[in-house]
Amino acid sequence: SERLFYSVFQLMGGQYLRFTNENLGNMVPVSWYNPAVHSLQDHTTSLVCRFRDILEDAVRLRLRADVPVGSCLSGGLDSSSIVRLVYELLQKQGSGTIQKTFSASSHDPRWSEKRYSDLVIEETPIDGHYVYPDCAGLCDVLDRLIWHQDEPFGSTSIYAQWCVFQSAREQGMKVMLDGQGADEILFGYTDFVYAVGSELLLRCSFRRLYEEINVAAGKLHIPRLQIIGQIGYYAIPERLRFWIQGMVLTKKYIPAWLNREFTKTVSIHDSASYIPVASDPVTL
């Protein structure tokens, strides 16, 4: 797929390039894996146990390192689960290694989630390290940060992660085992709720849609009107979504100094189309 830089492209997930020295101009992407899609019919309890076994095995395999393995710890379910599993596996192996974790926090209690990572550290004998990113530090490294990222990024969370890994490097850590990606696997983003809802709407499964909206509103604390509006937005044709983005969302989110005419020609969100699938949606 095309990238920001002229004549620079990237491969899709699971692909590699096959070419020879004599045929450099005809490089052909080849897929080396294509995960099979299975319908899940098992009971929820059984699926949870299977998921834990797979996760534990994945963590165990990645502890095979010639150097100590550290972890980023946000206090969320994904990183906390991995940190706890690492501890349990090290105990089973009889290892005397004390795991090191690295977290970003804020001195302002309104934005600090330190209490959650502290709970993990208190319950699990690990060596926890904290960093407190601030504006002055961001200004000091901004040029280097932009150079290394090499593409625009959406928030200062990139800087927070920069500080976390800087701390890990100062502690001599070479390998880090983190919880990135769990939101995509476990439907952690609210957009998944809207996608499921729009699929139900297109199927005219109104009773199930009503139930899903109530569950989402109760568990995620999102106003029902917002959920309904987003479901409707996902359900409309892509061309109409782009028009709404250009005419409505652009005025709200695009600053005056940015070329608004250009933003009307591209999606300011994910430009990929949402296509309903045949399998039943997952209940939240």
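## Helices and a pocket

H1 and H2 cross in a right-handed way (right-handed means the near helix is turned clockwise from the far one by less than a right angle, left-handed means anticlockwise). Before going on, some ground rules: this is a predicted model, where local features need pLDDT of at least 70 and side-chain atom pairs count only at pLDDT 80 or more, while totals for chains, interfaces and linings use all residues. Residues are numbered from 1 along each chain as its sequence is written, and side-chain values use heavy atoms, with hydrogens and water left out. The helix and strand names come from DSSP runs (H or I, at least four residues, for helices; E, at least two, for strands), numbered from the N terminus.

Two packed helices are described by the angle between their axes and the distance between the axes. Here, axes are lines fitted to C-alpha atoms, for helices over the stretch in contact, and angles run from 0 to 180 degrees between N-to-C directions.

| Pair | Angle between axes | Axis distance |
|---|---|---|
| H1 (44-62) and H2 | about 65 degrees | 10 Å |
| H7 and H9 (224-235) | about 65 degrees | 8 Å |
| H7 (190-202) and H8 (206-220) | roughly 165 degrees | within 9 Å |

H1 and H2 are therefore roughly perpendicular to each other (angles of 65 to 115 degrees count as roughly perpendicular, under 35 as roughly parallel, over 145 as roughly antiparallel, and the rest as oblique). On the H1 side, Arg52, Leu55, Glu56, Val59 and Arg60 touch Leu85, Val86, Glu88, Leu89 and Lys92 of H2 (contact means heavy atoms within 4.5 Å). That contact splits into five nonpolar, no polar and five charged residues. For these classes, Ala, Val, Leu, Ile, Met, Phe, Trp, Tyr, Cys and Pro count as nonpolar, Asp, Glu, Lys and Arg as charged, and the others, Gly among them, as polar.

Now for H7, which packs against H8 and against H9. H7 and H8 are roughly antiparallel, therefore, to each other, and H7 passes H8 in a left-handed crossing. Thr190, Val193, Gly197, Leu200 and Leu201 of H7 meet a set in H8 that includes Phe206, Leu209 and Ala216.

With H9, the crossing of H7 is right-handed. Among the H7 residues that meet H9 are Tyr194, Gly197 and Leu201, and their partners in H9 include Ile227, Ile231 and Tyr234. By class, this contact has eight nonpolar, four polar and one charged residues.

What is the phi of cysteine 204? The value is near 65 degrees, positive in a residue other than glycine, and cysteine 204 lies in the loop between H7 and H8. Histidine 221, also not a glycine, has a positive phi of about 55 degrees, and its place is in the loop between H8 and H9.

Last stop: the second largest pocket, with a volume of about 1,100 Å³. A pocket is an open set of points on a 1 Å grid over the protein atoms alone, where a 1.4 Å probe fits, with protein on both sides within 12 Å along at least five of seven lines; lining residues have an atom within 4 Å of a point. Its volume is the space filled by probe spheres set on the points. H5 gives the most to the lining of this pocket, with six residues. The lining divides into 15 nonpolar, 13 polar and six charged residues.
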